[in-house]
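Here are a few friendly notes to read beside the model. Please keep the structure open while you go through them.

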Amino acid sequence: MSVPAVGSLPSRLLRLYGGLALYGLGIGLQIESGVGNSPWDVFHQGVALRTGLTIGTIIILVGALVMLLWIPLKQKPGIGTISNVVFLGLFADAAIWLLPTPVHWAISWTYLLIAVVAIGLATALYISAGLGPGPRDGIMTGLMRLGLSVRLGRFLIEITALGVGWLLGGTLGLGTLVFALAIGPLTQLFTRWFPLTRETP
């Protein structure tokens, strides 16, 4: 079923960049919570610890490398894809730098819960802009075109990122499980508020 384009280009750009900023804040909150990162951020943090680079820098570099996988999958990036690669890591680094580290478990879990809600809302915002998927989301789309189920493809990729990140020292914990269980339903809920748009050439 085709989805009609919703909103003018300025409003769609606002959703895109607002979503990326909110997503970066969510990443910062979850990392600072210390109770468990999302699967990809376990990986990003693990690589950052081993290289001495910031987590945001690793997010940017990994996003760029993931986009290379788009070539054999015949995926085409949009302005949203490029913006995701460039800005998400910058927003995440800014959030990590600005946020105080929690000193009590209640604050840590508050950080986590706000992070998961923020990332769910952010995902709905930037997807609804219809200006191109994020680099990791594009892999899912490409695998689907090759006949692999999105669920299986996403599971295999994220479990690999999680395992490697944990071995490198990334934070894995109950927060990781909370994120995994809640992010799908939350994103679906928020997409009711922000109708999806059809990508334009």
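1. An axis here is a line fitted to C-alpha atoms, for helices over the stretch in contact, and angles run from 0 to 180 degrees between N-to-C directions. Helices are DSSP runs (H or I, at least four residues), numbered from the N terminus. With that in hand, look at helix α1 (residues 9–33) and helix α5 (residues 79–98): their axes come within 8 Å and cross at roughly 40°. α1 is therefore oblique to α5, since angles under 35 degrees count as roughly parallel, over 145 as roughly antiparallel, 65 to 115 as roughly perpendicular and the rest as oblique.

2. Please remember that this is a predicted model, where local features need pLDDT of at least 70, side-chain atom pairs count only at pLDDT 80 or more, and totals for chains, interfaces and linings use all residues. Residues are numbered from 1 along each chain as its sequence is written, and side-chain values use heavy atoms, leaving out hydrogens and water.

3. Which residues of α1 meet α5? Among them are Leu13, Leu16, Tyr17 and Gly24, and the α5 side includes Ser83, Phe87 and Phe91. Contact means heavy atoms within 4.5 Å.

4. Now step back to the whole protein, which has nine helices and zero strands. Of its 201 residues, 46% count as buried (under 20% relative accessible area, with a 1.4 Å probe and protein chains only).

5. Finally, consider contacts between residues at least 6 apart in sequence: 82% of these join residues at least 24 apart. The protein exposes about 10,500 Å² (by the Shrake-Rupley method with a 1.4 Å probe), and carbon and sulfur atoms supply 74% of that area.

Technical notes:
Helix = DSSP H or I, 4+ residues; strand = E, 2+ residues; numbered from the N terminus. Buried < 20%, exposed > 50% of the residue type's maximum accessible area, 1.4 Å probe, protein only.
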